[in-house]
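Hi everyone, thanks for making time this morning. I'd like to walk you through one chain, so please have a look at the screen.

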Amino acid sequence: LDDDQSGGIDTLESKEFLREELESTDEQLKDDYFHGNDPLISVEDLERAWLVNSARNWTTDDVIDWMDAVVQLPEYGNAFRKHSVTGALLPLVTNRKLGFLRDKLGMKNKRSEERF
């Protein structure tokens with residue numbers, strides 16, 4: 001995702017990722033994919049809120065600390081470290097349809113996934 005190796009994922013990179021992964025430029029399809037067509041919030045609304053959220057700038061260590069202290073799932077810390085999950089990646093990690101939690105981070109327990 002971080003094509004320019006800047007340590008962050010900018011809007012252009014995330015839109016490029018979405019375009020490649022969803023193989024579509026249809027914004028409504030993206031809304032459907034990420035929200036099930038939730039009429040209360042759009043992808044653009046989420047993106048605007050995320051851009052000002054301080055968690056977006058978390059390092060991998062910050063994410064692991066949060067997983068331990070707040071989410072209380074310290075057993076996944078090594079997997080998050082192995083895959084260099086930073087705050088900027090959290091929105092993609094949490095997308096169930098992409099399956100990152102389950103397939104890459106080994107979070108197969110539904111309760112853990114819901115807690116996360």
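**A glutamate to start with**

Let's begin with Glu-113, which is buried, at a relative accessible area of 9%. By buried I mean under 20% relative accessible area, while exposed is over 50% and partly exposed lies in between, using a 1.4 Å probe and protein chains only. Before going further, a word on the source: this is a predicted model, where local features need pLDDT of at least 70 and side-chain atom pairs count only at pLDDT 80 or more, whereas totals for chains, interfaces and linings use all residues. Residues are numbered from 1 along each chain as its sequence is written, and side-chain values use heavy atoms, with hydrogens and water left out.

Where does Glu-113 sit? You'll find Glu-113 in helix H8, residues 110-115. Helices here are DSSP runs of H or I with at least four residues, strands are E runs of at least two, and both are numbered from the N terminus. Leaving aside residues up to four places away in sequence, Glu-113 touches Arg-96, Leu-101 and Met-107; contact means heavy atoms within 4.5 Å.

Stepping back to the whole chain, there are eight helices and zero strands. Of its 116 residues, 34% are buried. Taking contacts between residues at least 6 apart in sequence, 44% join residues at least 24 apart.

Now to the core. A nonpolar core is a set of buried Ala, Val, Leu, Ile, Met, Phe, Trp, Tyr and Cys residues joined through side-chain atoms within 4.5 Å. The largest one has 16 residues, and Met-67, Phe-80, Val-85, Met-107 and Phe-116 touch the most other members. Helices H4 (60-69), H5 (77-82) and H6 (90-93) each supply at least two residues of this core, and H4 gives the largest share, three residues. Do take a look at Phe-80: not counting residues up to four places away in sequence, its contacts include Val-63, Ile-64, Met-67, Leu-101 and Met-107.

Finally, two loop residues. Which backbone angle stands out at Gln-72? Its phi is positive, about 60 degrees, although Gln-72 is not a glycine. Gln-72 belongs to the loop between H4 and H5, and it is partly exposed, with a relative accessible area of 47%. Ser-84, in the loop between H5 and H6, likewise is a residue other than glycine with a positive phi, near 50 degrees. At 43% relative accessibility, Ser-84 counts as partly exposed.
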